[in-house]
Amino acid sequence: MKHRIVTAAQMKEIEQAGDAHGLSYLQMMENAGMAAYAELQKQFPHPGRLLVVCGKGNNGGDGFVIARAAAKDGWSVTVLLAEGEPKTADAIRNFERLHSLPVHICADGSILETQRFDAAVDALYGTGFHGELRPSGLAACGLMRRLHKSGAFVLAVDLPSGINTDTGEVAEGAAHADLTVTFDSYKPLHIAEASAPLCGKIVCADIGIRDEWHPEF
């Protein structure tokens, strides 16, 4: 287990170093999504109903990987495109991989309000989030909070949406998680007084970036 704590900018450098050594960003996304899904499996020995809330960036791409793995394992999977279709190349690629699977794609979170889910994955905003939640993000986080209160298990990818990675500042309406799976290194928000309680249990997963590739911070 690595106990290194890095900022969002430093994590970008670490990923760049991994890419330079032949570990593509697409493979990092695959590794991250599969690592998070493995943690979800530990909580649920048997498949159930899963909601994956995806943003339009690479955090959403990790969510698409989780959705694909879960659907192949027999989960009933709904993907909420909280801010529309993905915009980054690797996220688009993983979104397209869902099209051949029995995954329900939803663009309107309001129709999910009355549905029951055993688990929800928060793959809305990643380490680049700062400031306030936009209306679409606020609505998606609100949906996840309501599911959490009604007993759904919430897994956050890297961090609960609505938290500043470097300062731990929590935006109004931010998501709450039972389990946060972060990748390669911890981030300041995971130990900050304001934000750590929203993360639940924190697991730092290996995504294949070797220690000798790490830039020195």
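Mentor: Let's start with a group of rings: Phe44, Trp75 and Phe153 form one aromatic cluster. Keep in mind that this is a predicted model.

Trainee: How many aromatic pairs does the structure hold?

Mentor: There are four aromatic pairs in the structure. Take phenylalanine 44 and phenylalanine 153, whose ring centres are 5.9 Å apart with the planes at 80 degrees.

Trainee: Why is the pair of phenylalanine 44 and phenylalanine 153 called edge-to-face?

Mentor: Rings pair if their centres lie within 6.5 Å, and planes over 60 degrees apart count as edge-to-face. With 5.9 Å between centres and 80 degrees between planes, the pair is therefore edge-to-face.

Trainee: What makes it a link between distant parts of the chain?

Mentor: The two residues are 109 residues apart. Phenylalanine 44 is in the loop between helix H2 (25-43) and strand S1 (49-54), while phenylalanine 153 belongs to strand S5 (residues 153-157). Both phenylalanine 44 and phenylalanine 153 are buried, too.

Trainee: Then there's phenylalanine 64 and phenylalanine 95. Why is that aromatic pair called tilted?

Mentor: Their centres are 5.1 Å apart, with 40 degrees between the planes. Stacked needs under 30 degrees and edge-to-face needs over 60, so a pair at 40 degrees counts as tilted. This pair also links distant parts of the chain: phenylalanine 64 sits in helix H3 (residues 58-72) and phenylalanine 95 in helix H4 (residues 89-96), 31 residues apart.

Trainee: Are phenylalanine 64 and phenylalanine 95 buried or exposed?

Mentor: Buried means under 20% relative accessible area. Phenylalanine 64 has 0% relative accessibility, so it counts as buried. Phenylalanine 95 comes out at 6%, and is therefore buried as well.

Trainee: And how do you know that arginine 49 lies over the face of phenylalanine 117?

Mentor: Arginine 49 is at 5.0 Å from the ring centre of phenylalanine 117. The distance cut-off is 6 Å, and CZ of Arg must also be within 35 degrees of the ring normal. Arginine 49 is listed as lying over the face.

Trainee: What lines the largest cavity?

Mentor: A search of the whole structure finds one cavity of 30 Å³ or more, and the largest has a volume of about 30 Å³. Its lining is made up of Phe129, Gly131, Glu132, Asn164, Glu169, Val170 and Ala171. Those residues divide into three nonpolar, two polar and two charged.

Trainee: Which residues does UniProt list for the "domain: YjeF N-terminal"?

Mentor: The unreviewed UniProt entry lists residues 11-215. That span is 35% helix and 18% strand, and its end C-alpha atoms lie 10 Å apart.

Note on methods
Residues are numbered from 1 along each chain as its sequence is written. This is a predicted model: local features need pLDDT of at least 70, side-chain atom pairs count only at pLDDT 80 or more; totals for chains, interfaces and linings use all residues. Side-chain values use heavy atoms; hydrogens and water are left out. UniProt positions are given in the numbering used here, feature names are shortened, and annotations may be inferred rather than shown by experiment. Helices (H or I, at least four residues) and strands (E, at least two) are DSSP runs, numbered from the N terminus. Rings of Phe, Tyr and Trp (its six-membered ring) pair if their centres lie within 6.5 Å; planes under 30 degrees apart count as stacked, over 60 as edge-to-face and the rest as tilted. Buried means under 20% relative accessible area, exposed over 50%, partly exposed in between (1.4 Å probe, protein chains only). On a 1 Å grid over the protein atoms alone, a cavity is a set of points where a 1.4 Å probe fits but cannot get out, and a pocket is an open set with protein on both sides within 12 Å along at least five of seven lines; lining residues have an atom within 4 Å of a point. Grid points are joined across faces, edges and corners, and a volume is the space filled by probe spheres set on the points. Ala, Val, Leu, Ile, Met, Phe, Trp, Tyr, Cys and Pro count as nonpolar, Asp, Glu, Lys and Arg as charged, and the others, Gly among them, as polar.
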